[in-house]
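Please read this note with the model open beside it.

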Amino acid sequence: MVNDRTLRHAIIDSPLGALRLVASARGISGIFMDNHSHPPAPEVLGELLGSPADDPLITQCASELAEYFASERQTFTVATDAVGTEFQERVWAQLATIPYGQSATYGELALALGDEKLTRAVGTANGRNPISIVVPCHRVIGADGSLTGYAGGLKNKEFLLRLEGILPAPEATLF
């Protein structure tokens with residue numbers, strides 16, 4: 001019997017730089033940016049594949065991400081397999097309900113989980129989301145509309161929010 005938690009990964013290029021896509025037999029279990037503030041431990045990555053094409057889940061994820069970055073995809077269909085605490089997994093499931101082009105606050109997520117006092121815990125779980133972009137933790141903003149924390153860096157969060165139209169495109173400057 002094959003262990004469904006046997007992991008493998010590949011690296012793809014993206015507008016955000018290199019992305020490391022990690023898969024188990026069940027689905028994508030990680031998408032990590034080079035400058036990720038919570039880099040994965042080697043055991044979370046598994047075997048490095050020679051090419052994304054060496055794994056059908058990684059191939060599908062890479063294709064869907066390319067479509068997303070080209071503004072041709074708003075939802076992802078690739079299977080996911082994020083592993084965390086029960087609370088983290090509840091938060092990540094809630095993140096997945098935030099539609100493309102919309103944002104939510106940490107407080108709104110806490111209320112959706114049943115307790116507005118969970119705002120800080122929601123923020124911590126959000127920051128530990130291992131499947132960035134596909135599970136859209138970038139769509140969570142501060143109560144005042146500010147761009148608060150993003151494990152992939154605020155510059156990448158801003159890029160993703162502009163891509164989705166949540167933030168306006170920067171104005172061109174004439175010289």
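What is the order of the four strands in the open sheet, and what kind of pairing do they have?

1. The order is β3-β2-β1-β4, with mixed pairing. Strands, like helices, are DSSP runs numbered from the N terminus (E, at least two residues, for strands; H or I, at least four, for helices). Two strands pair if DSSP finds at least two bridges between them. The edge strands, β3 and β4 (47-48), each pair on one side only.

2. Some notes on the source belong here. This is a predicted model, in which local features need pLDDT of at least 70 and side-chain atom pairs count only at pLDDT 80 or more, while totals for chains, interfaces and linings use all residues. Residues are numbered from 1 along each chain as its sequence is written, and side-chain values use heavy atoms, with hydrogens and water left out.

3. Strand β1 (residues 8-12) runs antiparallel to β2, and five bridges join them. Within this pair, Ile11 has Arg20 of β2 as its bridge partner. The two strands form a hairpin with six residues between them, and Gly17 in the turn has a positive phi of about 100°.

4. Strand β2 (residues 19-23) is also antiparallel to β3, again through five bridges. Here Arg20 is the bridge partner of Phe32, and Leu21 that of Ile31. Strand β2 is largely enclosed by the rest of the structure, because four of its five residues are buried. Buried means under 20% relative accessible area, exposed over 50%, and partly exposed in between (1.4 Å probe, protein chains only).

5. Beyond four places in sequence, the contacts of Arg8 (heavy atoms within 4.5 Å) include Leu21, Val22, Leu45, Glu47 and Ile58.

6. Glu64 belongs to helix α2. Glu64 is buried but has no salt bridge, and the nearest side chain of opposite charge, that of Arg73, is 4.0 Å away. A salt bridge needs a side-chain nitrogen of Lys or Arg within 4 Å of a carboxyl oxygen of Asp or Glu. For charge, Lys and Arg count as positive and Asp and Glu as negative; His and the chain ends are not counted. The side chain of Glu64 has polar contacts with the side chains of Gln60, at 2.9 Å, and Thr77, at 2.5 Å.

7. Which residues of helix α6 (residues 154-163) are buried? They are Asn156, Lys157, Leu160, Leu161 and Leu163. These residues lie on the same side of α6, because they cover an arc of only 160° around the axis; the arc is that of the directions from the helix axis to the C-beta atoms. Their cover includes β3 (28-33), α2 (56-69), α4 (106-112) and β6 (140-141). Just after α6, Gly165 has a positive phi of about 80°.

Methods
Polar contact = N/O pair within 3.5 Å; in protein donor to acceptor, adjacent residues only side chain to side chain.
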